[in-house]
Structure formats: structure tokens, C-alpha cells
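Colleague: I would like to learn how to read contacts that involve aromatic rings. Could we go through them one at a time?

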Amino acid sequence: MTDKIDQGPAATPPAGPGASGTPYEAIKAIPVRHYGRWISAVVVAVLLAWLAYAFSQGNIIWGTVWSKLFDPSVLTGLGNTVIISVSSMALGLVLGILFAVMRLSHNPVTSFVSWLYIWFFRGTPVYVQLLVWFNLSLIFQYINLGPIYKNETVDVMTPFMVALLGLGLNEGAYMAEIVRSGIQSVDEGQTEASHALGMTQVQTMRRVVLPQAMRVIIPPTGNEFINMLKTSSLVSAVQYTELLRASSNIGTTAGAIMEMLFVASIWYLTLTSLFSVGQYYLERRFARGSLRSLPPTPFQRLKANLNMFRRTEVAK
């Protein structure tokens with residue numbers, strides 16, 4: 001008969017929520033104090049207050065700024081700025097897609113022509129290009145396309161046409177590089193699979209490549225359009241009455257040059273802010289399916305930044 005060895009009392013597991021029915025006590029975790037955030041916030045606030053105070057003490061008639069903000073001439077110039085910016089960007093986008101496809105072509109002639117276009121219009125200042133189009137009648141008295149069209153150059157090259165060609169052709173060179181980089185970001189296997197299914201080169205580009213490339217093309221395109229809004233101020237040199245020229249005309253007549261420059265700046269900031277919000281939501285839409293979670297909206301980001309300064313308790 002085997003003897004039993006006394007091993008002492010059996011070890012009992014500690015009582016937990018399942019054994020005693022009592023839940024764990026909530027752990028109160030106090031986050032580390034970020035004094036640097038408060039110090040930097042105070043420093044920035046003081047600098048902004050000092051800047052505002054400096055401008056308030058300057059010899060600026062702020063009443064003129066607010067009274068001329070909605071002047072009919074200023075609003076007309078504002079509308080012309082939007083029109084020429086949208087029109088030039090549309091022309092640049094069309095040319096960008098065209099020359100990007102030509103640049104990627106295996107045809108050496110079309111590829112070289114595309115490279116030459118991009119090289120010239122990216123290598124010369126847009127202001128110089130505007131002046132060339134504006135003074136085109138000095139070297140060509142007539143625009144003669146044979147039986148299709150013939151007219152005097154001064155009648156064809158109106159201020160709007162000069163601004164459209166100057167801004168649109170220049171933008172097309174930059175958009176061609178943006179579109180080319182977006183097309184090349186799509187895996188080559190997508191093109192090979194499309195060709196295996198019997199699609200032509202044009203169908204592959206339109207149905208497969210470009211829709212996927214839009215995620216890469218959209219962000220820099222939005223930045224280019226916002227830059228176009230500001231670059232459009234250069235067309236005042238070719239007699240096109242946009243926002244800056246309309247404001248400058250009033251400032252010269254009324255003797256309020258600085259005040260009207262502030263008026264133009266306020267409207268430029270308003271336009272760029274509105275289109276920046278639109279660009280953000282457009283990028284957010286095209287990001288669906290490529291990110292696990294969409295980036296926060298501006299309101300969500302503002303709420304998160306405000307919560308950074310609050311002390312929170314973490315219960316576990």
C-alpha cells in the first residue's frame with residue numbers, strides 16, 4: 001500500500017472579480033503636465049497681440065478698409081479673379097493630361113515635343129510670358145490660319161485672352177509633370193492586365209490608370225490652383241481688371257493706396273481659405289479605400305487640439 005505524502009495545505013488562487021464578485025478599483029491616471037505647450041501658446045499669443053497693436057498704431061485708416069471691402073468695383077475684380085483662375089486652371093489641366101501622355105509615349109517625336117513644351121514654360125517666368133502675349137502684335141500684325149481664321153492680333157489678344165494664355169500655358173507645364181508622376185505611380189501590372197482583357201491604350205488610360213492616379217494627382221493640383229489664385233494678380237500688368245488692379249485703381253484715385261492693398265489681401269485670404277477647405281474634403285474623398293481611417297475634418301482636428309489642454313482621467 002502506497003503511503004501518501006502530506007504536501008501541506010493546497011495553494012489557493014487570489015480572489016478576483018470572478019471569485020469575490022467585487023470589481024477592480026478604477027485606476028486614476030493623471031497625465032504628465034505639458035508646461036511647454038502653455039509657454040509656447042503664451043509666447044505666440046503675445047507676439048500676435050504685439051503685431052496687432054503695431055498695425056493699429058500705424059497711419060492706416062481702417063474705416064476706409066471696411067467701407068471699400070464690398071465696393072462694386074472690388075467685387076467685379078474679385079469675380080474676374082475667380083473666372084480667370086478657374087479658366088486658366090482648366091486649360092492647364094487639359095494641357096497637362098495631354099502632354100503627360102505624350103511624354104510617356106514611345107513615339108520619340110511626341111515625347112520630345114512634350115519635353116520641349118515643359119522645358120520652355122517651366123524655365124521662363126510667367127510674368128515674362130504674359131508680356132510676350134500682350135506684345136504679340138509687335139511681331140505679328142495678323143493671326144492668319146488660312147481659310148479657317150484671319151484677324152488682327154490686337155483684336156484677338158484681348159486682356160482676358162492674354163491672361164488666359166499666359167497663365168494656362170504656364171500651368172499646363174507644371175500639371176504635365178504632376179499628371180505624369182501620378183500615372184507612373186500606378187503599378188504596371190494594372191496596364192498589363194487591362195491589355196490582356198482586350199482594352200486599348202486609350203481605354204486603359206481612361207478606365208484603369210487615371211482613376212487610380214487621381215489619389216496622387218489631386219493634392220498637388222489643389223495646391224496649384226490655390227497658387228493660381230495668387231499668381232492671377234500678375235495679369236494686372238496686361239490691363240486685365242482683376243482684384244488687385246481694381247483695388248489699385250480705387251487706391252490711386254482716393255489716395256488710399258495701403259488701405260486698398262489691405263482690401264485686396266483680405267479677399268485673397270478669403271478665397272484661398274475657402275478653396276483650401278474644398279481641397280481638403282476632395283482629398284479626403286479620394287483617400288477612401290486607400291487608408292484604414294480617413295483623416296479628421298477641420299472641426300475634428302480643432303476639437304482634438306482643444307482637448308490637449310484638458311486634464312483627463314483614464315479608468316481601467
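**Rings and a charge**

Modeller: The charged end of Lys150 sits over the ring of Tyr142, 5.6 Å from its centre, where a charge counts as sitting over a ring if NZ of Lys or CZ of Arg is within 6 Å of the ring centre and within 35 degrees of the ring normal. This is a predicted model, in which local features need pLDDT of at least 70 and side-chain atom pairs count only at pLDDT 80 or more, while totals for chains, interfaces and linings use all residues. Residues are numbered from 1 along each chain as its sequence is written, and side-chain values use heavy atoms, with hydrogens and water left out.

Colleague: How many aromatic pairs does the structure hold?

Modeller: A pair of aromatic rings is described by the distance of the centres and the angle of the planes. The structure holds 11 aromatic pairs, counting rings of Phe, Tyr and Trp (its six-membered ring) with centres within 6.5 Å, and calling planes under 30 degrees apart stacked, over 60 edge-to-face and the rest tilted. The pair of Trp62 and Phe262 is tilted, because the planes stand at 45°, with the centres 5.4 Å apart.

Colleague: Is Phe262 buried or exposed?

Modeller: Phe262 counts as buried at 19% relative accessibility, whereas Trp62 is partly exposed at 27%; buried means under 20% relative accessible area, exposed over 50% and partly exposed in between (1.4 Å probe, protein chains only).

Colleague: Why do the rings of Phe99 and Tyr117 count as stacked?

Modeller: Their planes are at 10°, with centres 4.1 Å apart, so the pair of Phe99 and Tyr117 is stacked. Ring pairs also link Phe99, Tyr117, Phe120 and Phe121 into a cluster.
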